[in-house]
Amino acid sequence: MTLTQVWGSLIIFLVCPILGALPVIDWITRGLTGRKLQNIGTGNISVSAAFYHGGKVVGILAVLSEAAKGILAVLAARAFFPDNPGWELFALFALVVGRYWGGKGAGTTNVVWGVIVHDWRVAFLTFLIGGVSFTIFRDRATGRMVILILLSATIALLHPHDPEHIVAAIALSLLLAWIYHKIPDDLDLSRDHSHAQSRKMFRFFQGDKAVLSLDNPLNSQKVGQKAATLSQLKRGGYAVPEGWVLPAGDDPQPLILSLSPSPDNPLVVRSSAVGEDSETASAAGQYLTVLNATSPQKLEDAITQCQTSYNRSMAARYRQDRNLKETSMSVLVQRQIQGAFSGVAFSRDPVNPSTGAVVIEALPGDATRVVSGQVTPEQYRVFLPEGVVNSAVAKGEKKEDANSSSTSPSSPNEEIDPLESPLSSRKPEGLELVIEGSGDVPKAIIQEVALLTRELEERDRGLPQDVEWTHDGHRLWILQARPITTLRPIWTRKIAAEAIPGLIRPLTWSINRPLTCGVWGDLFSLVLGKRARGLDFEATATLHYSHAYFNATLLGEIFLRMGLPPESLEFLTRGAKFSKPPFSSTLRNTPGLLKLFQRERNLLRDFRRDFNSQFEPVLADLERNSPSDLSPSARLERIDRILLVLRRATYYSILAPLSLALRQAILKVDETDLDNSQTPEVEATRSLAQLAVETRKLLPIDRLNFDSSAALFAYLADDTSDGVSVVESFNGWLDRYGYLSEVATDIAVPRWRDSPQSVRELFAQYLLNPNSADEAIAREATSKGGMTSIVQQRLNLKGKVTEVYSRLLAHLRWCFTALEEEWLRSQILQRKGDIFFLTFDEVRQLIHQGNPQLRNNLSGRIQQRQQQLEKDRQLPGVPFVVYGDEPAMPSFPSPLSSSQRLQGIGASPGQVEGRVKIARSLQDIAAIDKGTILVVPYTDSGWSPLLARAGGLIAEVGGKLSHGAIVAREYGIPAVMDVHSATQLLRDGQQVRVDGGMGVVEVLS
């Protein structure tokens, strides 16, 4: 051995241990945090301790310092023994001895970086194979042993003829294994007390194969919906007791050994079967829950009992009756809360959900007393106004971090203010909730349960929730949350009430429903492709109380499959908030979404093509030939031809508004910057106002006095040729715009051409009040470029589509009314309007005379349907949301008193005070002036004559792009849309203030 090698060996065996013993990590931690590692935690002066107690910055600096030590040791050995790489491993051996001797550290970081410098091939293969094994097993002890074995084995394979090198590797591995066995592991410390920046890292490295925590993201298809839901809630910040999941088929021993149950730390064992607590099956009471597992043996027995309950006869029959697949059952083990008050709560009354009440059953003690059915619980009903719960999660204002730690305390009974939960419900100031029922449970707890339960409903796409809860005297805990399966599907009037508002007759529905559902189904199938299988698009809409409702449950499922939030359609059509969709889901649907965006991009070009090839020729032919001159079979052919073209028009009537809303939202163009002159409602009113101005130039209107529009038109008809020419001009205007009506989408509603009274009233107002006519004409289009022009193009397209769609529906109506007139003469029908109480299929059968029984029972069938429609007409209103396919008789809110407010969507800016006038149809048009605040259930293009005379507008449905909103902005009338139940909450004559900018209605008297 040369002198250089002698000095080298001295340095390796003397200097390297001293270098390893230097407490650099402790110096860094103390300097940056003031904490001394040897006095806290495990006492280790290690990289993991630095991360645990000091956070990311301290941990990174610790890694750099220890990496530098390992690299220096290897390079020093290489300098003295360039031809003998085994000495590099002996240098690491000496360094690790010093690390353990000086600071109870294992020296893992020293070895890792030292091996990388020593032989990158060894490091790469060892860490690659070892990393895969750790990802699979997620067991720290096993993983470390695998790494050490791989280190020696890899060196032996790469250097089979260097025994000294192999011996050094084996010695280093054995030393590390011995140190791992001797020192405590910082990863065994509770991550709840670790530095906040380091918790994600500790959560990953603490994982064990058989121990899944509720802090982990869980897949409901593997561990059941119960455990997956509680995991989501816990990670979202809700108070859920600490819990662990044993997947079906896994060995329970690792879980049992890790929990250490005792009389002071009791556990509860519960089922979490795949399919249990789902939207379609609750499986309530089918499986076993075992309380008070206070020892490892009792815990093992409880797990066994819970698992075997899956095969109980009643559980098997339950699954069989509901056509549920035979799957598997995981077991959920949780800290048992010593409840002072417990119970169950339903966010909607399962018997009569339209009341808006939260139903709570509760008793002092734990929750098992309530759900056992052996004790009659106290019952409470809490009435929450809609919108009172503002769930941050439901609104998309908070994002759930799938890897974040729970904010729940480490001890389930730790005293915490219930309002300190990050997503807890809060009662708005000044709001007193109405609580029915009394008993031993404090009203404050009942109120908190009600708010929390309704918040969970909003969080889960509006699905009514069945929540099991307990209160330990300090905090409200969620034990279980699942949808109320008997209240599915959920039907909503959002969008549907604007698309086809008002009372709907059978003929209208039998035509509109297939058109609407079919086109929506085509669009969704375009995006989803194969994932559209199993979706019943025919169930997209239905009738309740003779009003249209959309299937919110189905739409929510569709949007989830598309990778979009459930509120997507409302965002596009009504300006609602929009939460960011998961990237993975959006990526999966990219091909379909690209197809849809391509359709949107080419929408104008495609419409022009179809307008020239289909719409314009068909409409021109329909205008030339009256249906009155045709035979019944020819009329049917005409109807079929219109329906064929109407399906394509329906496609544009759906996609054009969505395209407009999407572009307006993305480009952030304000509604007031857009010119609505090409929309039918605005174009028609401006044209009528211009006719009134020209009439004043011809006739001495100022010297005459008319008490009604009928008197005015009688005068014009009996006057000179000028008066007659005015009537002819008005009739020409009526021919041009007579296709409009109160509800353009409903063929049962007369068009202006059929019933011109409302537009005659508006013409009279324009003629007798020059200022109103001048105001209508003065709002001329203003050309704007840039982003506004891009949105303006889509608004003009929407107007043209509305015209085509409405004209086709008007001609469809006139075909049926011509057929009705003939059937009235032949006494097939008895009264005018009867034909609209038949379905289109029944009309077809009557024309072909293929069903004699139908004709014999026709009168009774029509009468029965008319009675049902009249019964629904007498309802003060219809609920905004309906639960289930057979809803009960709706209940209605009480009218508002002074100083109460309603919130809607601001659709036309400005403030105005006035008196309320409830107008449920265009027939309610008396005494409308600028002091009137018009309150309507909906608006359509045909409402323009009424809206133009009011001082303000409040509508129960609609958004910023609704017909009423467009007309209101044109006339400078403050308007608030989407005010639920406004026609029931407000009363005729009430004084209100409307803020069209903020979307607020305030009752003044």
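Five helices each give at least two residues to the lining of the largest cavity: helix 18 (496-499), helix 19 (506-528), helix 21 (568-574), helix 25 (632-667) and helix 31 (787-825). Helices here are DSSP runs of H or I, at least four residues, numbered from the N terminus.

A word on the source. This is a predicted model, where local features need pLDDT of at least 70, side-chain atom pairs count only at pLDDT 80 or more, and totals for chains, interfaces and linings use all residues. Residues are numbered from 1 along each chain as its sequence is written, and side-chain values use heavy atoms, with hydrogens and water left out.

Back to the cavity. On a 1 Å grid over the protein atoms alone, a cavity is a set of points where a 1.4 Å probe fits but cannot get out; lining residues have an atom within 4 Å of a point. Volume is the space filled by probe spheres set on the points, which are joined across faces, edges and corners. The structure holds seven cavities of 30 Å³ or more. The largest has about 770 Å³ of space. It is lined by 35 residues, and closest to its centre are Glu 498, Ala 499, Ser 653, Ile 654 and Pro 657. Helix 25 supplies the largest share of the lining, seven residues. By type, the lining has 18 nonpolar, twelve polar and five charged residues. Nonpolar means Ala, Val, Leu, Ile, Met, Phe, Trp, Tyr, Cys and Pro; charged means Asp, Glu, Lys and Arg; the others, Gly among them, are polar.

Next, the cores. A nonpolar core joins buried Ala, Val, Leu, Ile, Met, Phe, Trp, Tyr and Cys residues through side-chain atoms within 4.5 Å. Buried is under 20% relative accessible area (1.4 Å probe, protein chains only). The largest core has 78 residues, and Leu 808, Leu 812, Phe 816 and Trp 823 touch the most other members. Helix 25 gives the most to this core, 13 residues. A second, separate core of 53 residues includes Phe 706, Leu 712, Val 743 and Tyr 971.

Last, the rings. How many aromatic pairs does the whole structure hold? The search finds 18. Rings of Phe, Tyr and Trp (its six-membered ring) pair if their centres lie within 6.5 Å; planes under 30 degrees apart are stacked, over 60 edge-to-face, the rest tilted. Phe 81 and Trp 87 are stacked, 4.3 Å centre to centre, with 5 degrees between the planes. Trp 733 and Tyr 737 are tilted, at 5.6 Å and 45 degrees. Both are buried.

Technical notes. 1 Å grid on protein atoms, 1.4 Å probe; cavity = no way out; pocket = protein on both sides within 12 Å on 5 of 7 lines; lining within 4 Å. Buried < 20%, exposed > 50% of the residue type's maximum accessible area, 1.4 Å probe, protein only.
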